[in-house]
Amino acid sequence: MSTSATGDLDAWRELPAQQQPDWDDPDELRAVAAELAAQPPLVFAGECDQLKAQLADVARGEAFVLQGGDCAETFTGANADAVKNKLKTLLQMAVVLTYAATVPVVKIGRMAGQYAKPRSKPVEARGGLELPAYRGDAVNGLDFDAESRRNDPHRLLKAYHCSAVTLNLCRAFTKGGYADLRQVHAWNQDFVAHSKSGRRYERLAGEIDRALTFMKACGVSPDEFHGVEFYSSHEALLLEYERALTRIDSLSGLPYDVSAHFLWIGERTRQLDGAHVEFLRHIRNPIGVKLGPGTSADDALALMKRLNPEEEPGRLTFITRMGAGKIREALPPLIEKVHQSGAPVAWVCDPMHGNTFEAPSGHKTRRLDDVLDEVAGFFEVHRALGTHPGGIHIEFTGDDVTECVGGAEGLAEGDLHQRYETACDPRLNRGQSLDLAFLVAELYRKSS
Ligand SMILES: O=C[C@H](O)[C@H](O)COP(=O)(O)O
Ligand SMILES: C=C(OP(=O)(O)O)C(=O)O
């Protein structure tokens, strides 16, 4: 295959790659990569292009993104109940946001592939024992013993198979009737009736109810509401895995990473001359880049030029994760410079990663109030600049875990130990996620 059409998909190998595990045995890694390269695609190029078109709408201000799921998916979490609960919560949030934003909401799961984590430190020490840090189920195990923490390339195959299982469930749930709008709305009504803060949301839920009744009276076919489009995404961290799952699309002759519809580059791996940027610039999927508070306007512009030189609409999303205390100062210069260039970019707010702190109990946590404040800041900045606040990116689960503090149930730091189940960073639980959706809906309306 000529590299002129596809770019050099292996040029990244010559560049520094941050956050790659020290795999136990390079021969084993090569054998696993060859096996992965022979597996069927998880997603198709046409689906990636369809998402790209929807993200182009986001960049134009005509749609909103809801992207979310676990911080770190686990192999044991690839089961019907866990996936169903997450999807149910995502769909419930999406209905509220669609009504408030009055534009389509593009639904993207941090699901079906989010099995690898960048870490602050390569090792973890406990009671005098030092072992490799947990880097996600695709690399090693969470249990703190030498066997579990071994960086085992065979886990990459298991990550592929768990992604396939999860995506299959997502496709079945979102197309097979589970995502029916009337059903999702009924779940929201139930939440409003039984949540402590329900009263506050009664009005919005009532408005949605009347809108549905109105549509029915107008004769809109109930089948229109039966299924939704759902897309998968994860951080493109493990380059051997992503490279092995990159294929040349038979129709266009262009390379797509078929491990997920949307891939993003993390804050720790977005070096302009690094391996991740080099690899992702060649694949044709829609991609994102996380931007933390240390990002300069020139950094953002340079990333944009490198990753989307042809200014293709929908190709590039900037996912900002500044922290509630910094977003109002850090975000405007980036938006201004990128906007001045005229190139299309979708702006999405990740209000989780800049707001993590350690509770006295040692649990990593986040305050729902900080999360909301960062989203509020995101809306304020965009409204002031006349640009579009294009969406939110969150870490959540459909279960009743106790990992973040605040919300209608008044979860406090002293409650964190009760159901602290995340494999890495703290997630919003089901109630907190729905609180967030209703509160963001209120913010959206106030600011538009
Ligand atoms: O999810 C993001 C990162 O992987 C995570 O914040 C790193 O956490 P650490 O600082 O505990 O390594
Ligand atoms: C590691 C993550 O975020 P960031 O790169 O923004 O730190 C993440 O989203 O899992």
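Arg268 is in contact with Gln18, Gln19 and Pro118 when residues up to four places away in sequence are left out; contact means that two C-beta atoms, placed from the backbone, lie within 7 Å. The model is predicted, so local features need pLDDT of at least 70 and side-chain atom pairs count only at pLDDT 80 or more, while totals for chains, interfaces and linings use all residues. Residues are numbered from 1 along each chain as its sequence is written, and chains are lettered from A and ligands numbered from 1 in the order in which they are written.

- Arg268 lies in the loop between strand S8 and helix H9 (275-280); helices (H or I, at least four residues) and strands (E, at least two) are DSSP runs, numbered from the N terminus.
- Arg268 counts as partly exposed because it has 17 C-beta neighbours inside 10 Å. A residue is buried if 20 or more other C-beta atoms lie within 10 Å of its own, exposed if 12 or fewer, and partly exposed in between, with C-beta atoms placed from the backbone.
- Lys290 is part of strand S9 (residues 287-291) and is buried, because 22 other C-beta atoms lie within 10 Å.
- Beyond residues up to four places away in sequence, Lys290 touches Trp264, Ile265, Gly266, Glu267, Arg270, Ile319, Arg321 and Asp350.
- UniProt, in an unreviewed entry, gives the feature "binding site" at Arg110, Glu267, Arg268, Lys290 and Arg321. UniProt positions are in the numbering used here, feature names are shortened, and annotations may be inferred rather than shown by experiment.

**Ligand surroundings**

- Around ligand 2 are Cys71, Pro118, Glu235, Gly266, Glu267, Arg268, Lys290, Arg321 and His353; a residue is near a molecule if its C-beta atom, placed from the backbone, lies within 6 Å of it.
- The shell of ligand 2 has 2 nonpolar, 2 polar and 5 charged residues. Ala, Val, Leu, Ile, Met, Phe, Trp, Tyr, Cys and Pro count as nonpolar, Asp, Glu, Lys and Arg as charged, and the others, Gly among them, as polar.

**Strands**

- In strand S5 (residues 231-235), 5 of the 5 residues are buried. Tyr231, Ser233 and Glu235 lie on one side of S5, and Ser232 and His234 on the other.
- Strand S2 (residues 105-109) runs parallel to S5 and is joined to it by 2 bridges; two strands pair if DSSP finds at least two bridges between them.
- Gly109 stands opposite Ser232 in S5.
- S5 also pairs in the parallel sense with strand S8 (residues 262-265), over 3 bridges, and Leu263 in S8 is the bridge partner of His234.
- S9 and S10 run parallel and are joined by 5 bridges, with Leu291 opposite Thr320 in S10.
- Strand S10 (residues 316-320) is largely enclosed by the rest of the structure, because 5 of its 5 residues are buried. Leu316, Phe318 and Thr320 point one way from S10, and Thr317 and Ile319 the other way.

**Nonpolar core**

- The largest nonpolar core has 117 residues, and those with the most contacts inside it are Val96, Leu97, Cys170, Ala437 and Val440. Helix H4 (residues 80-101) supplies the largest share of this core, 11 residues.
- A nonpolar core is a set of buried Ala, Val, Leu, Ile, Met, Phe, Trp, Tyr and Cys residues joined through C-beta atoms within 7 Å.
- Apart from neighbours within four places in sequence, Val440 is in contact with Leu97, Val375 and Ile392.
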